[in-house]
Structure formats: structure tokens, C-alpha cells
Amino acid sequence: MAKKEHISETPATHFLRRKEIAFSEHPYDYEEHGGTTVSARKLGVDEHAVVKTLVMQDEAAKPLIVLMHGDCKVSTKNLARQIGCKSVEPCKPEVANRHSGFLIGGTSPFGTRKTMPVYVEQSILDLEKIYINGGRRGYLIGIAPQVLTQVLSATTVQCALEE
């Protein structure tokens with residue numbers, strides 16, 4: 001019998017198991033600065049279905065999470081307008097790490113150190129299945145996109161820009 005590759009628990013997978021959310025595990029060889037292009041290629045999935053977890057902050061330096069298609073960028077102007085802020089910008093890596101508890105390249109919206117508001121690009125919810133970081137570099141999980149609104153109370157936004 002083939003031995004399944006053992007993947008150790010992360011705060012994200014622990015959170016999902018505690019909530020009894022079904023997910024599939026997809027480890028891959030992580031490449032520094034490879035992003036969703038590399039993970040999509042290595043897993044043989046459409047980059048549009050790979051979801052980036054971006055830790056950003058508003059003008060008062062309050063952190064928030066934005067979930068975006070792997071092949072899109074966030075229009076920070078559109079996002080700020082929709083969530084009622086003056087401005088939104090990405091956090092510096094060390095600040096993002098402090099808020100989320102995850103390393104850049106391994107950030108998951110599940111099981112974050114701090115509870116932050118989560119915003120999801122509306123069209124992500126139209127996908128059948130998404131691949132999102134499982135809390136470690138080189139490790140994505142496959143889940144139903146509805147989980148984002150069900151367990152994270154994610155608010156939908158429309159702020160995608162084609163890359």
C-alpha cells in the first residue's frame with residue numbers, strides 16, 4: 001500500500017479541522033518569489049483558481065486580509081472606496097507576519113494570529129473549487145469557495161485588476 005505523504009498540522013489546517021471543513025492537501029516544491037504562477041503550474045491547476053492571501057492595512061494601520069485570484073492584482077483605490085477607508089496598502093512582510101502569524105508565501109486566511117476583517121473578490125465565489133494557502137510555503141489546500149464566507153465571514157468586494 002502506498003504511503004500517503006504526511007503533512008504536519010498548521011494553524012490553518014487545525015482551524016479547518018476544528019470547524020469540520022473538508023479540504024484536500026496539495027504540497028508542492030516552493031520557489032522563492034514564484035507566487036501563484038509556480039504553484040498553479042506545479043499542481044496543474046488554473047492560476048485563476050489559486051487564491052492569494054494578502055495582508056494589507058488601512059490609513060490607520062489597521063490590518064485586513066484580501067483574497068484575490070492568483071492571476072489578478074488588487075486595485076487598492078477600489079478596495080478602499082468599497083470598504084469605506086481613505087486608503088489601503090500592503091503591509092511590510094514583517095508586519096504582515098506579526099498580524100497573521102504566517103511567513104510571506106505561506107499566509108493562510110485560516111487560523112491567523114489576530115482576527116482581521118476578510119475581503120474576498122466576488123468572482124472567487126463563482127468558482128467550483130479554489131486552492132488557497134494552507135499555512136506553510138509550498139502547501140495549498142483545495143476547498144469550496146463558500147467556506148470563505150461561511151467560516152471567515154468574508155465580505156465580497158470587486159477590486160480585481162488583470163495582471
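## Buried and exposed, and what the model is

A residue is called buried when its relative accessible area is under 20%, exposed when that value is over 50%, and partly exposed in between, using a 1.4 Å probe and protein chains only.

The model is predicted, so to speak of a local feature requires pLDDT of at least 70, side-chain atom pairs count only at pLDDT 80 or more, and totals for chains, interfaces and linings use all residues. Residues are numbered from 1 along each chain as its sequence is written, and side-chain values use heavy atoms, with hydrogens and water left out.

## Around H99

H99 is part of helix α4, residues 93-100. Helices here are DSSP runs of H or I with at least four residues, strands are runs of E with at least two, and both are numbered from the N terminus.

The side chain of H99 has a polar contact of 3.0 Å with the side chain of K114. Such a contact is a pair of N or O atoms within 3.5 Å; within protein, one atom must be able to donate a hydrogen and the other to accept it, and residues adjacent in sequence count only if both atoms are side-chain atoms. Setting aside residues up to four places away in sequence, H99 touches V55, P63, C91, R113, K114 and M116, where contact means heavy atoms within 4.5 Å.

## The two pockets

Rolling a probe the size of a water molecule over the atoms shows where empty space is left. A pocket is an open set of points on a 1 Å grid over the protein atoms alone, where a 1.4 Å probe fits and protein lies on both sides within 12 Å along at least five of seven lines; lining residues have an atom within 4 Å of a point. Grid points are joined across faces, edges and corners, and a volume is the space filled by probe spheres set on the points.

The largest pocket holds about 670 Å³ of space. It is lined by 28 residues, and those closest to its centre are K52, T53, L54, I104 and G105. The elements giving two or more residues to this lining are α2 (35-43), β2 (50-58) and α4, with β2 giving the most, six residues. By type, the lining of the largest pocket has 13 nonpolar, 10 polar and five charged residues. In this count, Ala, Val, Leu, Ile, Met, Phe, Trp, Tyr, Cys and Pro are nonpolar, Asp, Glu, Lys and Arg are charged, and the others, Gly among them, are polar.

The second largest pocket contains about 200 Å³ of space. Its lining has 16 residues, of which T112, T115, M116, V118 and L152 are the closest to its centre. At least two lining residues come from each of β6 (118-121) and α5 (146-152). The lining of the second largest pocket divides into 10 nonpolar, five polar and one charged.

## Helix α2 and the annotated span

In α2, the residues T36, V38, S39 and A40 are buried. The buried residues of this helix pack against β2 and β8 (139-143). After α2 comes G44, with a positive phi near 70°.

An unreviewed UniProt entry carries the annotation "domain: YbaK/aminoacyl-tRNA synthetase-associated" for residues 39-148. UniProt positions are given in the numbering used here, feature names are shortened, and annotations may be inferred rather than shown by experiment. The span of residues 39-148 is 22% helix and 35% strand, and its end C-alpha atoms lie 20 Å apart.

## Loops worth a look

Most residues other than glycine have a negative phi. E20 has a positive phi near 60°; E20 sits in the loop between α1 (11-18) and β1 (24-27) and is exposed, because its relative accessibility is 72%. S153 also has a positive phi, about 50°. S153 belongs to the loop between α5 and β9 (155-157) and is exposed at 56% relative accessible area.

F23 is found in the loop between α1 and β1, and at 17% relative accessibility F23 counts as buried. F23 and G142 are 119 residues apart in sequence, yet their C-alpha atoms are 5.4 Å apart in space. Beyond its neighbours within four places in sequence, F23 is in contact with T13, L16, R17, Y139, I141, G142 and I143.
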